[in-house]
Amino acid sequence: MEQPDSILIVDFGSQVTQLIARRVREAGVYSEVAPFQSAEAAFERLAPKGIILSGGPASVTVETSPRAPQALFDARVPVLGICYGQQLMSAQLGGNVVVSGDGGEFGQAFIDVREPCALFDGLWSPGERHQVWMSHGDKVDALPPGFTPVATSEGAPYAIVADEARRFYGVQFHPEVVHTPDGGKLIANFARHVCGCAGDWTMAEFRAAKLAEIRAQVGGGRVICGLSGGVDSAVAAVLIHEAIGEQLTCVFVDHGLLRSGEAEQVVALFRGSYNIPLVHVDAADEFLGALAGVTDPEAKRKIIGGKFIDVFEREARAIGGAAFLAQGTLYPDVIESVSFTGGPSVTIKSHHNVGGLPERMNMALVEPLRELFKDEVRELGRELGLPPAFVGRHPFPGPGLAIRIPGEVTRESCDTLRRADAIWLEEIRTAGLYDAIWQAFAVLLPVRSVGVMGDGRTYDRVLALRAVTSVDGMTAQAFEFPAGFLPRVATRIVNEVRGVNRVTYDYTSKPPGTIEWE
């Protein structure tokens, strides 16, 4: 199948590089992110119609800061530099960058459009003022030959620059974030109009391409697919089964850390609706035993990931003959687990299904969702005919309830949290609010509080409720429930869940917090 039009995004370490890829894909154009060191190889492989240089934490004025391969500028395709990317392009092509004497610009700013430009053709006009989001300490103070300023801001005389002859553009602000209202349209303009991408990348096209790719990779071999109970592994399994049929065997490892009724749903879906060969392994005792006494959240993740592989090794030997292991790895997992510097990255959280396959298993990985974001996986699930209620489920972490129980994880704490979480989600669904929320869950805290129930004093656990809205999980806000909803849920939980006598609601946004607690 012919490769779709694409945009290569070169990563220089920005925390929001993923959002650039999202904005490009929202324009119907395929995109990939590559660290700057491997950008030239990615360019040769992808043959993109355009390049975007991301932001980053470094300063171009420092000699050892990251640089872009010169081959990208010599390739005669359009280039868009964002923040650090603009400064880098200016410095490498003959301009100059300085540390801003006034401390730079951070947060909301306004730019004044001075000249027409292909980047905002049909969107912005000279004389207009538009809101953007700035986050920079350095700034360009001399442009390379061929560039002209087309928009300015109070703190950046070169807020947008353009070399129309070479189709090189630079913006000092961040168009990828929602705080730049027209940012997505600017990126779409670059991808569609400047680069000439057709904008016809669809999930149906992705499905067809992946089916052919899976068949070519697997041939007549057998595949074991690890089911976690979540949407990602389920969509991967259904896609692989469509490609190779009975060559696939799914192994569902029930680690005892799933939500209420989840294991039963998975078994019914795969054995009943899709008739996919499924091995259901009840490994709750093994996982809970391994977690006994462990309180560190990263240690929990590593134990669960390691135990997951152990169970797989055992089941693979029992099944026999499998040459491939399939996983539901997503693009954010891949990006977050690879450092843009090529060394150990700053770990926000580890991903147990990225690079976790021991070499001794002698199995190749099949990861058909590796290039997709979460909402794209849901779209693919709908394309494959998975039930809407299953595809639309809120995200659920691979380590399950273990990272929603700060402190030691026990069977009793899991059962308590499961009951409370079920009530929380039931009330949300009954109120018709489930689809308006990105993610909702309960957290069983490692603290106790004094309470009064009937004529007696209690000293029981505290439960935190969490519900957030988000576009992509990169940023999130606490969901605002209608008056009376939270007190009603709290009353139900305290009355119906033994061992809980106090309920709180988490209003923290992301950032500064994360969506999950661990």
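# A buried charged pair

Glu-262 and Arg-393 are both buried, where buried means under 20% relative accessible area, exposed means over 50% and partly exposed lies in between, computed with a 1.4 Å probe on protein chains only. The model is a predicted one, in which local features need pLDDT of at least 70 and side-chain atom pairs count only at pLDDT 80 or more, while totals for chains, interfaces and linings use all residues. Residues are numbered from 1 along each chain as its sequence is written, and side-chain values use heavy atoms, with hydrogens and water left out.

Glu-262 forms a salt bridge with Arg-393, with 2.9 Å between the closest N and O atoms; a salt bridge is a side-chain nitrogen of Lys or Arg within 4 Å of a carboxyl oxygen of Asp or Glu. Glu-262 belongs to helix α8 (residues 262–273) and Arg-393 to the loop between α13 (388–391) and α14 (411–430), so the pair ties together parts that are 131 residues apart in sequence. Helices (H or I, at least four residues) and strands (E, at least two) are DSSP runs, numbered from the N terminus.

# Other salt bridges

The structure holds 27 salt bridges. In one of them, the side chains of Lys-300 and Glu-518 meet at 3.1 Å, N to O. This pair links distant parts of the chain, since Lys-300 is in helix α10 and Glu-518 in the segment after β20 (500–505), 218 residues apart. Lys-300 is buried, and its relative accessible area is 0%.

Arg-488 forms a salt bridge with Glu-427, the closest N and O atoms being 3.6 Å apart. Here too the pair links distant parts of the chain: Arg-488 is in helix α15 (residues 485–496) and Glu-427 in helix α14, 61 residues apart. Arg-488 counts as partly exposed at 42% relative accessibility, whereas Glu-427 is buried at 11%. Both residues belong to a network of salt bridges that also links Glu-426, Arg-492 and Glu-496.

# Helices α9 and α10

The axes of helix α9 (residues 284–291) and helix α10 (residues 297–319) come within 10 Å and cross at roughly 145°. Such axes are lines fitted to C-alpha atoms, for helices over the stretch in contact, and angles run from 0 to 180 degrees between N-to-C directions.

Contact means heavy atoms within 4.5 Å. From α9, the contact is made by Glu-286, Phe-287, Ala-290 and Leu-291; from α10, the residues include Lys-300, Ile-303 and Phe-308.

# Strand β18 and its partners

Strand β18 (residues 456–469) is mostly covered, with ten of its 14 residues buried. Two strands pair if DSSP finds at least two bridges between them. Strand β17 (residues 439–453) pairs with β18 in the antiparallel sense over twelve bridges, and Val-443 stands opposite Ala-464 in β18.

With β20, strand β18 pairs in the parallel sense over five bridges; the bridge partner of Val-462 in β20 is Arg-502. Strand β19 (residues 477–478) runs antiparallel to β18 and is joined to it by two bridges, with Thr-469 opposite Gln-477 in β19.

# Helix α12

Buried residues of helix α12 (residues 374–384) include Lys-374, Glu-376, Val-377 and Arg-378. Among the elements that cover the buried residues of α12 are α1 (17–26), α6 (203–218), α7 (231–244) and α13. Gly-385 follows α12 and has a positive phi, near 90°.
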